[in-house]
Amino acid sequence: MNEQTRSRTRTEGVLAAAIEAIDEGVIVQDRKGVIVQANRSALAMLGVPVTADPAGASAAATGAAAEAAAAVWQTVREDGSPFPPEDRPGRMSLAAGAPVRDVVMGLEHDDDPIRWITCNSFPVEIDGEQLVVTTFSDVTEARSTNMALLESEERFRLLTDSSPIGIFIADPAGRITYVNPEIERQTGRIAESLLVDAWQESFHPDDQDAVRTMQRRFRNEEGPSLHEHRLLRPDGSECWVRMRLARMHDGDGRAIGVVGTSADITEFVVAEQRLREREERTRAILESAAEGIISTDQHGVIVEFNAAAERITGYDSDEVLGKLHFGDLLGPADRGPMLSMFRTYLEGGPPRFIGQPAAEVEYIRKDGTLVPVELAVTEVVTSEGQLFTGVVHDISERRAFERELEHQATHDALTGLANRALLVAELDAALT
């Protein structure tokens, strides 16, 4: 054997060993598509038991084994349709005289799970013979992982698209990379504009400083951030949102972005504003009312005391609210009976004065003097328990007027002495 032949043999041996050492399957086919050589990885992927060293076997032997194994496999496309022989990468590479890359094929055999491979074919000419070399890798596991990832992403997409809560994602630099349809509805802007530069513009001008302060605090502090502010839509309408920001981390704990949620709370804010306005109107009415209005809880402790009540009793509301019991305002003659009736009612007894027509009682003022009043009490059940409200009308002037009428009826207008009517009344009383 001459030196040239030995060198060629050595080169072929090195190439054969190199082909056997790689993890990818390698097959060589002739112009008719018949496999003439295959490496160990190819035989293993095709299901040929490898008991000997393929590097030591003849090319014809390994090719025949690979050809026999390949014959039992059915090839399919990614959509499950059959893969015609003329469309396989080796045939197409030979026909075109050019490489064919990244062709995905599925291998089916009986009831075995489908095996997915990705192929690359290259036409070559050796000793004047046209051949094609095809390398392929088993991507079944990677494809399964990728499919699971795609399904997970699809579930995420379906979930976020139908979510009544706005969801958005930003990269570490603060650029918005994803928004769901609810964010589009809240801002009145399409996703494309929000992903470019319209995100900051969606904040209400009067709230932008507060939003920037919240963002700075979030960047400098650990943990999530919660903030309420307004969004201004292009049509001029406003949307109140409660926004929550939280950091996203990779497997090593590094921050890779921010995920945020945005809940539309416009209805709640509007309802709260209306409630506050209603309470302010009610407060104004109570404070301007001519009658005293005194409310107590179910224990009788005073919780509301308007200006008229201050005028009637001489107490300032700060001295009363949460400190005095309604019985503390009653005169000595009325205190015992009223407290007894109140306790009886709380224990399930009849409403002797609650919800009844106004009754005349005496209140004791801060200076100790007594003042006659008409008292009507109503009950309201709230989420915090029973609330009793008394409307107090000062009848001092009426009592004085009644006394004056009685005096005029029983005394002489000129001398002020008792008249005949009073004398007859006194005689009747004496005789009785």
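This is a predicted model: local features need pLDDT of at least 70, side-chain atom pairs count only at pLDDT 80 or more; totals for chains, interfaces and linings use all residues.
Figure 1. Glu-228 forms a salt bridge with Arg-242, and the closest N and O atoms of the pair are 2.8 Å apart. The pair links distant parts of the chain, since Glu-228 belongs to strand S9 (residues 225-232) while Arg-242 belongs to strand S10 (residues 238-249), 14 residues apart.

Figure 2. The side chains of Asp-367 and Arg-365 meet in a salt bridge in which N and O lie 3.9 Å from each other. Asp-367 is exposed, with a relative accessible area of 55%, whereas Arg-365 counts as partly exposed, at 25% relative accessibility. Elsewhere in the model, salt bridges that share partners join Asp-206, Asp-207, Arg-230 and Glu-238 into one network.

**Figure 3. Strand S12 and its two pairing partners, S16 and S13.** Strand S12 (residues 292-297) is mostly covered, with 5 of its 6 residues buried. Which strands pair with S12, and in what sense do they run? Strand S16 (residues 385-394) is joined to S12 by 6 bridges, and the two run antiparallel; within this pairing, Ile-294 has Gly-390 of S16 as its bridge partner. Strand S13 (residues 302-305) also pairs with S12 in the antiparallel sense, here over 3 bridges, and in this case the bridge partner of Thr-296 is Ile-302 of S13. S12 and S13 form a hairpin with 4 residues between them, and Gly-300, which sits in the turn, has a positive phi of about 90°.

**Figure 4. Asp-102, a residue with a positive phi in strand S4.** Asp-102 is found in strand S4 (residues 100-108), and it is exposed, with a relative accessible area of 59%. What is the phi of Asp-102, and is it positive or negative? The angle is positive, at about 55°, although Asp-102 is not a glycine. This deserves a second look because most residues other than glycine have a negative phi.

Figure 5. Ser-317 is found in helix H11 (residues 317-320). Ser-317 is buried, with a relative accessible area of 15%, which falls under the 20% cut-off for that description. Leaving aside residues up to four places away in sequence, Ser-317 touches Phe-305 and Glu-310.

**Figure 6. Cys-119 and Cys-239, two buried cysteines.** Cys-119 counts as buried, at 3% relative accessibility, and Cys-239 counts as buried too, at 0%. How many disulfides are counted in this model? The count comes to 0 disulfides; as a reminder, a disulfide is a covalent bond between the sulfur atoms of two cysteines.

**Figure 7. The whole chain, as a setting for the close-up views.** The chain holds 14 helices and 16 strands. Its radius of gyration is 48 Å, well over the 22 Å that the globule rule gives for 432 residues, so the chain is more spread out than a compact globule. Along its principal axes, the C-alpha trace spans about 165 × 45 × 35 Å. Buried residues make up 33% of the 432 residues, and the accessible surface comes to about 26400 Å², of which 54% belongs to carbon and sulfur atoms. Among contacts between residues at least 6 apart in sequence, 41% join residues at least 24 apart.

Technical notes. Residues are numbered from 1 along each chain as its sequence is written. Side-chain values use heavy atoms; hydrogens and water are left out. Buried means under 20% relative accessible area, exposed over 50%, partly exposed in between (1.4 Å probe, protein chains only). A disulfide is a pair of cysteine sulfur atoms within 2.5 Å. Two strands pair if DSSP finds at least two bridges between them. A salt bridge is a side-chain nitrogen of Lys or Arg within 4 Å of a carboxyl oxygen of Asp or Glu. The radius of gyration is taken over C-alpha atoms; the globule rule is 2.2 Å times the number of residues to the power 0.38. Contact means heavy atoms within 4.5 Å. Accessible areas come from the Shrake-Rupley method with a 1.4 Å probe; for residues, only the protein chains shown count as cover.
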